[in-house]
Amino acid sequence: MVTTAVLARSLPVSRRGLTTSARLMELQRTPLYDFNVARGAKMVPFAGFSMPLSYGDVGQIAAHHHVRASCGLFDVSHMVQHTFSGAGAEAFLLSLTPSALHALAPFTSTLSVLLNDAGGIVDDTIITKHSGGSFYVVTNAGRADVDRALFRQKIEEWNTSGKKEVTWETLDGHGLVALQGPRAAKVLQKLVKEDLAEIKFGQSTWADVAGVPCHVARGGYTGEDGFEISIPPAHAVAVAEALAADDAVLPIGLGARDSLRLEAGMCLYGHDLDESVSPVEAGLSWVIGKDRHAGAEPALVFPGHARILRELADGPARRRVGLIVQGAPAREGSKVLSTAGEEIGVVTSGIPSPTLGKNIAMGYVKSGSHKRGTPVVVDVRRKLRDAVVAPMPFVPTKYYK
């Protein structure tokens, strides 16, 4: 049986050596902090913010199931929202990422990655193209200092090199909420005039939500249909309250968010991704634009391209895989062994799946051991557990396409 305590232990939080109260005194607050506390949120440290783990007497398992069956509202305002504008905006972002941003239609988005010169992932990001001179970018709170330093350095170099100018702004103080689940569209449709049936997964629009101009993007981190809504600072609480007023909606915390994203096969930076991992190793080759492969014109060359193109051609040394583990759940850091006892990899995330009733995990194994159905062994707290490589997502996604 999956318990609240088990999922709480699975959720990565920072600075474990401090007491919760001491940590919370040092943390930033999202615009929805009071909204969360008023709904009985249990606040915990996450990525430098005080964030809700769960709400009231609704356990994390019940919250998880509610999102799969109905609709959940997540405060994700800790994420960093950026805009890049100007005649050089598209070319600038192309210089940092491997994605085909030039091929995106207006008001469409893609998952992408910021790369270092060695081809490692500095951060994963959602990039939305409004036009060739206007982009909306969301990056991870836990990488805020690194990402800002990177953007600051690269913008200065770009704008002093004679290239078409770029302006960069962070939307500090803006709210960001995710409305997720099979009833999300019905809930949001009551509050907007736009026909949401016209907005497919990966598309976005400007819309008045409960009378407030917001950026509304169809997508999310749970594998369900849903929306991410960027809200001006002065109106974040009002929009969240309007969404939460629907009987179908429950506020959902980090505990359920982690189990939902892992069932959907999605990575958490700092655990499943870091600066040593390439997009090819991470199973994210699809974010690399085809016209940015070998032979691309110089303007389309990206950081670390030599390594990444080599891995595309010859295969990487390791690959991200899903695992189904027998017995106790495998946690981050658990060693993965071949059936002959050779150490071949490591678990990066693992939980008991509320939807499947099985122990699922994500990790990296040596190429050759990555094929679905490959039997392996996982060292779970010094006990060897049988496991099998499984395809991801573990639970089928239900995006509106």
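These are my notebook entries on a predicted model of one protein chain.

**Entry 1: overall form**

I began with the chain as a whole. I counted 10 helices and 20 strands in it. The radius of gyration came out at 21 Å, close to the 21 Å that the globule rule gives for 401 residues, so I noted the chain as being as compact as a globular protein of that length. Along the principal axes, the C-alpha atoms fill a box of roughly 55 × 55 × 45 Å.

I then looked up burial and found that 54% of the 401 residues count as buried. The chain exposes about 17100 Å², of which carbon and sulfur atoms supply 53%. For contacts between residues at least 6 apart in sequence, I noted that 66% join residues at least 24 apart.

**Entry 2: the nonpolar cores**

Which residues have the most contacts inside the largest nonpolar core? I found Leu-179, Leu-188 and Ile-229, in a core of 26 residues. I listed the elements that each supply at least two residues of this core: strand 4 (71-75), strand 10 (175-180), helix 7 (184-189), strand 11 (204-209), strand 12 (212-218), strand 13 (226-231) and helix 8 (236-244). Helix 8 gives the most, with four residues.

**Entry 3: Asp-246**

Past helix 8, I stopped at Asp-246, in the loop between that helix and strand 14 (249-252).

**Entry 4: helix 6**

I checked the length of helix 6 (residues 144-159) next. At 1.5 Å a residue, its 16 residues should span 22 Å, and the end C-alpha atoms are 22 Å apart, which agrees.

I listed its buried residues as Ala-144, Asp-147, Leu-150, Phe-151, Ile-155 and Trp-158. Down the helix axis they fall within an arc of 135°, so they line one face of helix 6. An α-helix has 3.6 residues a turn, so residues three or four places apart point the same way. On the other side of helix 6, I found Asp-145 and Glu-156 exposed.

What covers the buried residues of helix 6? The cover includes strand 5 (80-85), helix 5 (89-94), strand 6 (108-115), strand 7 (121-131), strand 8 (134-139) and strand 9 (167-170).

**Entry 5: helix 10 and its ends**

In helix 10 (residues 305-314), I recorded Arg-307, Ile-308, Leu-309 and Glu-311 as buried. Gly-315 follows helix 10, and its phi is positive, near 90°.

I then looked at Gly-304, in the loop between helix 9 (254-263) and helix 10. With a relative accessible area of 11%, Gly-304 is buried. Apart from residues up to four places away in sequence, Gly-304 touches Asn-116, Asp-117, Ala-118 and Gly-119. I also took the distance from Gly-304 to Ser-278: 8.9 Å, C-alpha to C-alpha, for two residues 26 apart in sequence.

**Entry 6: backbone exceptions**

Most residues other than glycine have a negative phi, and most peptide bonds are trans. I searched for departures from this.

Ala-210 has a positive phi, near 55°. I located Ala-210 in the loop between strand 11 and strand 12. Its relative accessibility is 40%, so I put Ala-210 down as partly exposed.

Arg-381 is not a glycine either, and its phi is positive at about 50°. Arg-381 sits in the loop between strand 19 (375-380) and strand 20. At 58% relative accessibility, Arg-381 counts as exposed.

Where does the chain place Pro-393? I found Pro-393 in the segment after strand 20 (383-390). The peptide bond from Met-392 to Pro-393 is cis, with omega near 5°.

Conventions. Residues numbered from 1 in each chain as written. Predicted model: local features only at pLDDT ≥ 70, side-chain atom pairs only at ≥ 80, totals over all residues. Heavy atoms only, no water. Core = buried A, V, L, I, M, F, W, Y, C linked by side-chain atoms within 4.5 Å. Buried < 20%, exposed > 50% of the residue type's maximum accessible area, 1.4 Å probe, protein only. Expected span 1.5 Å × (residues − 1). Arc of directions from axis to C-beta. Contact = heavy atoms within 4.5 Å. Rg over C-alpha atoms; globule rule 2.2 N^0.38 Å. Areas by Shrake-Rupley, 256 points an atom, 1.4 Å probe, with all protein chains shown as cover.
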